[in-house]
Every structure is written in structure tokens, then in C-alpha cells.
Amino acid sequence: MLPEISKILLATDLSEDAGVAMRYAISMAEKYNAELTLLHVLPTMKDQVYLNSGFDFTAVYDDNTLKALLDAGAEKAKETVVKLMHKQCTDLIEGSQECSNIALKPIITTGNAVKEITDHAKNCDLVIMGTRGHSKLGGILVGSVAQGVIAKSPTPVLIVRS
């Protein structure tokens with residue numbers, strides 16, 4: 001008995017490499033008449049702000065003020081990512097005459113990429129994601145996020161090299 005593929009999860013960082021994986025995801029969603037969920041994982045805003053600035057905001061702001069600032073920043077980042085996701089997907093779909101009936105479901109979340117992807121994979125039949133494959137050294141051929149997803153995903157994973 002062949003497995004049914006009715007829900008596909010595309011984990012995307014919106015890079016060119018992810019665009020290659022998106023082409024495969026759109027093609028498979030069309031072929032299997034499957035729902036396509038586009039998942040983008042943002043780093044937590046607190047970690048991102050601290051890493052980029054080198055400044056510990058917890059020393060200056062109380063927890064409630066810091067949470068409000070980070071929540072506002074996260075919401076703005078999510079809005080931007082949704083726009084980029086729709087643009088990338090629309091550009092690819094416009095290039096194909098057969099993709100107009102794909103059910104697209106974008107999800108933007110924050111946290112650890114491997115954990116978020118594998119958590120969302122529980123509700124899908126297939127995970128698709130891109131990777132660069134920088135060198136021929138074993139562990140570097142597939143990126144660390146891709147390796148983690150392959151190791152922990154409860155569903156099959158298709159890795160698309162660019």
C-alpha cells in the first residue's frame with residue numbers, strides 16, 4: 001500500500017536554497033492535490049537582539065517592558081516574513097500554469113528551528129526543506145538544521161540541494 005500524501009510541510013528560511021525546495025514542494029502538492037504548509041521559524045527576539053547588539057537589555061528594562069518591546073518586534077518581523085513568503089510563492093506559482101489550485105497555509109513561529117519543524121511535522125505526511133551542501137566533508141554536506149530534522153522528524157523528510 002502506498003502512503004497517502006495529503007499534507008506537505010515546507011520548512012523555509014526564504015533563501016534562494018529554500019526557493020529550490022519550494023519548487024519541489026509546489027510540484028508535489030499539485031501532483032498529490034495536497035495542502036502545502038509553509039513554515040518559517042524566527043529566532044526568539046530576545047536572543048536576536050542580544051546577539052546582534054551585544055547589550056543585555058534585561059539589565060535596563062523590567063520584564064514587562066522588555067516583553068512588550070520584544071513582542072512588538074516579533075510581530076513586525078512576522079508581518080515582513082509573511083509578505084516575503086507570499087511573494088516568493090507567488091513568483092514560483094506564476095511561473096507554472098498548473099499550480100493555481102494549491103491550498104497554501106503559511107505559519108510563522110519563533111524558537112529553535114529543529115524543534116519547531118519536527119513539532120509541525122507531526123501533522124504532515126512529508127517534510128521538504130532545502131540545504132546548501134557547502135563542502136564534501138560528511139557533516140557539512142547537509143546543514144545542521146536539516147541534520148537535526150532528519151534525525152528527529154516523525155515523518156519522512158525530503159532534502160533538496162541547491
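These are my notebook entries on a predicted model of one protein chain.

**Entry 1: the chain as a whole**

I began by listing the elements. The protein chain has six helices and five strands. I then read them off along the sequence, and the pattern came out as β-α-β-α-α-β-α-β-α-α-β. I looked up burial next: the chain has 162 residues, and 36% of them count as buried. For contacts, I took those between residues at least 6 apart in sequence, and 78% of these join residues at least 24 apart.

**Entry 2: the sheet**

I wanted to know in what order the strands of the sheet lie. The order is β3-β2-β1-β4-β5, in an open sheet of five strands with parallel pairing. I noted for myself that strands of a sheet pair through backbone hydrogen bonds, either parallel or antiparallel. At the edges I found β3 (104–110) and β5 (157–161), each of which pairs on one side only. From one strand to the next, the twist averages 25°.

I then looked at two of the pairings. β1 and β2 run parallel and are joined over five bridges. As one example, K7 has E35 of β2 as its bridge partner. Strand β4 (residues 126–131) also pairs with β5 in the parallel sense, over five bridges. Here I picked out G130, whose bridge partner in β5 is V160.

I also checked how far β2 is covered. Seven of its eight residues are buried, so β2 is largely enclosed by the rest of the structure.

Helix α1 lies across β1 (7–11), β2 (35–42), β4 and β5, and runs at about 155° to β4.

Is I128 buried or exposed? I128 is buried, and its relative accessible area is 0%. I listed its contacts, leaving aside neighbours within four places in sequence: I8, L9, L10, A11, A21, Y24, A25, M28, L158 and V160. I also looked up the pair I128 and A18. They are 110 residues apart in sequence, yet 9.4 Å apart in space from C-alpha to C-alpha.

**Entry 3: residue N33**

I went to the loop between α1 and β2, where N33 lies. I reminded myself that most residues other than glycine have a negative phi. N33 is not a glycine, but its phi is positive, near 50°.

**Entry 4: helices α4 and α6**

My last item was a helix pair. Two packed helices are described by the angle between their axes and the distance between the axes. For helix α4 (residues 113–121) and helix α6 (residues 144–152), the axes come within 9 Å and cross at roughly 40°. I asked myself why α4 counts as oblique to α6. The crossing angle is roughly 40°, and that makes α4 oblique to α6. The crossing of α4 and α6 is right-handed.

I wrote down which residues make the contact. On α4 they are A113, V114, I117 and T118, and on α6 they are S144, V145, G148, V149 and K152. Sorted by kind, the residues of this contact are five nonpolar, three polar and one charged.

Definitions and conventions. Residues numbered from 1 in each chain as written. Predicted model: local features only at pLDDT ≥ 70, side-chain atom pairs only at ≥ 80, totals over all residues. Heavy atoms only, no water. Axes fitted to C-alpha atoms, helices over the stretch in contact; angles between N-to-C directions. Helix = DSSP H or I, 4+ residues; strand = E, 2+ residues; numbered from the N terminus. Parallel < 35°, antiparallel > 145°, perpendicular 65-115°, else oblique. Left-handed = near helix turned anticlockwise from the far one by under 90°. Contact = heavy atoms within 4.5 Å. Nonpolar A, V, L, I, M, F, W, Y, C, P; charged D, E, K, R; others polar. Pairing = 2+ DSSP bridges. Buried < 20%, exposed > 50% of the residue type's maximum accessible area, 1.4 Å probe, protein only.
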